[in-house]
Amino acid sequence: MSDPFEVKKTGYGWAVFDRRTRKKVTNQVSSRSVAEDRCDELNREARRRRRPCICCGVSFISEGPHNRMCNGCRHGADPFDRRQGLSA
């Protein structure tokens, strides 16, 4: 999945654009790194949504498709538990 936002040069600076609509979604800034930081933040927000936990089924706000366990289950999980397919 491609990120919905990207940084592009505009005028004498940089701005974040929506890839779908090709419209500018932030003000122009003079530093590319500042624009990239804002773009990363917008892309993280776009991936966040409510998903069910793969362990207990409780719905929680997930950071993205990689984040499928709620905090309660994640903190209760033993990272070296061989029944989960993980090894020391």
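What covers the buried residues of α1? The cover includes β1 and β2 (13–18). The notes below start with the basis of the model and then work through helix, charges and rings.

1. Basis. This is a predicted model, in which local features need pLDDT of at least 70, side-chain atom pairs count only at pLDDT 80 or more, and totals for chains, interfaces and linings use all residues. Residues are numbered from 1 along each chain as its sequence is written, and side-chain values use heavy atoms, with hydrogens and water left out.

2. Helix α1, length. Helices (H or I, at least four residues) and strands (E, at least two) are DSSP runs, numbered from the N terminus. Helix α1 has 16 residues and should span 22 Å at 1.5 Å a residue. The expected span is 1.5 Å times one less than the number of residues. The end C-alpha atoms of α1 are 23 Å apart, which agrees.

3. Helix α1, buried face. A35, C39, L42 and N43 are buried in α1 (under 20% relative accessible area; exposed is over 50%, partly exposed in between; 1.4 Å probe, protein chains only). Seen down the axis of α1, its buried residues fall within an arc of 100°, so they line one face of the helix. That arc is taken over the directions from the helix axis to the C-beta atoms. As background, an α-helix has 3.6 residues a turn, so residues three or four places apart point the same way.

4. N43. This residue is found in helix α1. N43 has a relative accessible area of 3%. Leaving aside neighbours within four places in sequence, N43 is in contact with D3, P4 and F5 (contact: heavy atoms within 4.5 Å).

5. D37. This residue also lies in helix α1. D37 counts as exposed, at 51% relative accessibility. D37 and V16 are 21 residues apart in sequence, and their C-alpha atoms are 9.8 Å apart in space.

6. Salt bridges, total. The count comes to 6. The rule asks for a side-chain nitrogen of Lys or Arg within 4 Å of a carboxyl oxygen of Asp or Glu.

7. D3 and R47. These two form a salt bridge, with the closest N and O atoms 3.0 Å apart. D3 lies in the segment before β1 (5–10) and R47 in helix α1 (residues 32–47), so the pair ties together parts that are 44 residues apart in sequence. D3 is partly exposed, at 28% relative accessible area. R47 is partly exposed too, at 22%.

8. E63 and R48. Their side chains meet in a salt bridge of 2.8 Å, N to O. The pair links distant parts of the chain, 15 residues apart. E63 sits in the loop between β4 (59–62) and α2 (71–76), and R48 in the loop between α1 and β3 (49–52). E63 is partly exposed at 34%, and R48 is partly exposed at 39%.

9. K8. Buried or partly exposed? K8 is partly exposed, with a relative accessible area of 32%. The side chains of K8 and E6 meet in a salt bridge at 3.7 Å, N to O. A network of salt bridges links E6, K8 and R19.

10. Charges over rings. K8 lies over the face of F17, at 5.5 Å from the ring centre. K9 lies over the face of W14, at 5.1 Å from the ring centre. The test is NZ of Lys or CZ of Arg within 6 Å of the ring centre and within 35 degrees of the ring normal.
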